[in-house]
Amino acid sequence: MANAWRQLDIAVIGGGIGGLAAAISLRRAGHQVTMYERNDFAGETGASISCAANGTRWLHEWDVNVAEGRPVILRKLINHDWKSGDWDNVYDLGDYEERWGHVYNMFHRVDMHQMLMNTAMGEGEGVPARLVVNHKCVDIDLATGTISFDNGRTAKHDAVVGADGVGSAVRKIIGIVPDKTISTSTCLHANVPTARARELGLEDYSLNSGIEYWGGQGISKIVLSPCKISENGPEVLSYYCFFPREKGTIGDEGWNYEATVEELLAPYPDLDEKVLAHLRVSEDIRPWRLWVHKPYEYWARGRACIMGDAAHPMMPDQSQGACMAIEDAAALGIVFSKKHFRGDVEDTLKLYEAVRKPRATRVQEASKRARENITERIGFSSNTTHKGYRVADEKNKLTIEEMNGYDMHEDVKVKAKAALPGERASL
Ligand SMILES: Cc1cc2nc3c(=O)[nH]c(=O)nc-3n(C[C@H](O)[C@H](O)[C@H](O)COP(=O)(O)OP(=O)(O)OC[C@H]3O[C@@H](n4cnc5c(N)ncnc54)[C@H](O)[C@@H]3O)c2cc1C
């Protein structure tokens, strides 16, 4: 019935960063949420994760205790010369909070996951979300919202949010077959404990509060993010190391394969000695398989929708994967809020899709361009005259202004009116 907000009983499939953010946002909007996770605990990997102001603003709006995530606050983007390690291009973010109202946080994934879990399930506004583990979604009746799990159980909900990652089952169930190709890049992730680097007298990259890059004009690139703040500074230096697929020995191995230091170093014979010294003592070296997905035709069907990596898997080079999942979660909370939800679940999921798909698709495309051209990376995209580096299309580049100046509340308002002019004209 029109004009009748009601509390919904919503299922979120997947208890990763996107699923937890959706649980928080929908809880704050007044709904009951149950997260179904296929693992016995929604375990997270030991790598860093970026949360720029466009993600942080929602953490604040939802009253998340951000300090629990032990973030390092980003102050600079630093591009080093590949061989000498000299600073080649620096994008200063000293006035970032002043300009955008929120900081750029670099979390360790385990800390971020725990921080979101505490907010989703702990005290605070709304009904605490429930987490049900060992429940792998295998089917959904899109008309009734009945979910089937691989353990033989079923559950019926008013709406089903698929936050089940890049290999999403919900995506398949709503009828999407991804058009995807394996990336020409391989990525190995490795950690260096800061204490170990200091003990060995290596360059102390923990002091710069920066995301630091080597290379980036072409496939090969090293990306370093410090995370896990303590009284002695960041405890972990998290390295993402990219190289052309044919240069390494890693094939189709996934995150569960532990690579050797030799495999990590092989593609980089001429890299800056200072960063190589770090990689030589790195730990927990794991491959991150990269696939390029074309944007999907739709994200919602019947009572189900997809979000996060299930909806828009992207190259990691804008560091926006988590932020886009958080924005998706925020949009779900707004469209199902007392202001916008009029009682029709299917229409409301279509409104969510109309709000999120254009913006996430732009970031997905810009991430693909940034994979081989660091000048396309938000921030560096403002310095396009540096050493003749160029973005592919000056008018189409993704900027900090576009990312952080976006007003989602206004976007929802406009699209809600466009979707149902008569019904929603009074909003
Ligand atoms: C190593 C690594 C490093 C990354 N670094 C960054 C970074 O620096 N910055 C950034 O912005 N992004 C980064 N990303 C991407 C970012 O983590 C994701 O974009 C973000 O976490 C959103 O993920 P998600 O919640 O949609 O999916 P996921 O985090 O993949 O979570 C999906 C969850 O669903 C569960 N699941 C899957 N299938 C089912 C099923 N059928 N039934 C029930 N549960 C299911 C999974 O077990 C998992 O818990 C990184 C990703 C990886 C893997």
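Biologist: I take buried as under 20% relative accessible area, exposed as over 50% and partly exposed as in between, with a 1.4 Å probe and protein chains only; what does Arg70 count as?

Modeller: Arg70 counts as partly exposed, at 26% relative accessibility. This is a predicted model, in which local features need pLDDT of at least 70 and side-chain atom pairs count only at pLDDT 80 or more, while totals for chains, interfaces and linings use all residues. Residues are numbered from 1 along each chain as its sequence is written, and side-chain values use heavy atoms, with hydrogens and water left out.

Biologist: Where in the fold is Arg70?

Modeller: Arg70 is in the loop between α2 (53-61) and β4 (72-73), where helices (H or I, at least four residues) and strands (E, at least two) are DSSP runs numbered from the N terminus. Although Arg70 is not a glycine, its phi is positive, at about 45°.

Biologist: And what is the phi of Ser319?

Modeller: Ser319, which is not a glycine either, has a positive phi of about 50°, and its place is the loop between β21 (304-306) and α9.

Biologist: On to the ligand, then: how many residues surround it, and which are the closest?

Modeller: The ligand is surrounded by 30 residues, the closest being Gly18, Glu37, Arg109, Asp309 and Ala322; a residue is taken as near if one of its heavy atoms lies within 4 Å.

Biologist: What kinds of residue make up that shell?

Modeller: The shell around the ligand has 12 nonpolar, 12 polar and 6 charged residues. Here Ala, Val, Leu, Ile, Met, Phe, Trp, Tyr, Cys and Pro count as nonpolar, Asp, Glu, Lys and Arg as charged, and the others, Gly among them, as polar.

Biologist: Which helices and strands each supply at least two residues of the shell?

Modeller: At least two shell residues come from each of α1 (17-28), β3 (48-51) and α9 (321-335). In terms of domains, whose bounds come from an automatic or database assignment, at least three residues of the shell come from each of domain 1 (9-72 + 103-178 + 294-424) and domain 2 (184-289).

Biologist: How far is the polar side-chain atom of Asp309 from the ligand oxygen?

Modeller: The distance from that atom of Asp309 to an oxygen atom of the ligand is 2.6 Å. For Gly18 a backbone N or O atom lies 2.8 Å from a ligand oxygen, and an N or O atom in the side chain of Asn39 is 3.4 Å from an oxygen atom of the ligand. The protein buries 89% of the 1,000 Å² that the ligand exposes when taken alone, with areas from the Shrake-Rupley method and a 1.4 Å probe, where for residues only the protein chains shown count as cover.

Biologist: Changing topic, how many salt bridges are there in the whole structure?

Modeller: The whole structure has 21 salt bridges, each one a side-chain nitrogen of Lys or Arg within 4 Å of a carboxyl oxygen of Asp or Glu. Arg99 and Glu401 form one of them, at 2.9 Å from N to O. Arg99 lies in helix α3 (residues 96-100) and Glu401 in helix α11 (residues 400-404), so this pair ties together parts that are 302 residues apart in sequence. Arg99 is partly exposed at 38% relative accessible area, and Glu401 is partly exposed at 39%.

Biologist: Is the Asp328 and Arg356 pair buried or exposed?

Modeller: Asp328 and Arg356 are buried, and their salt bridge has its closest N and O atoms 2.5 Å apart. Asp328 belongs to helix α9 and Arg356 to helix α10 (residues 345-372), so the pair ties together parts that are 28 residues apart in sequence. Both residues also take part in a network of salt bridges with Glu327 and Arg359.

Biologist: What joins the side chains of Lys397 and Glu394?

Modeller: A polar contact of 2.6 Å joins them; the term stands for a pair of N or O atoms within 3.5 Å, and within protein one must be able to donate a hydrogen and the other to accept it, with residues adjacent in sequence counting only if both atoms are side-chain atoms. Lys397 is in the loop between α10 and α11 and is buried, with a relative accessible area of 14%.

Biologist: Last one: how far apart in space are Gly126 and Ile24?

Modeller: Their C-alpha atoms are 8.9 Å apart, although 102 residues separate Gly126 and Ile24 in sequence. Gly126 is in the loop between α4 (109-121) and β8 (130-132).
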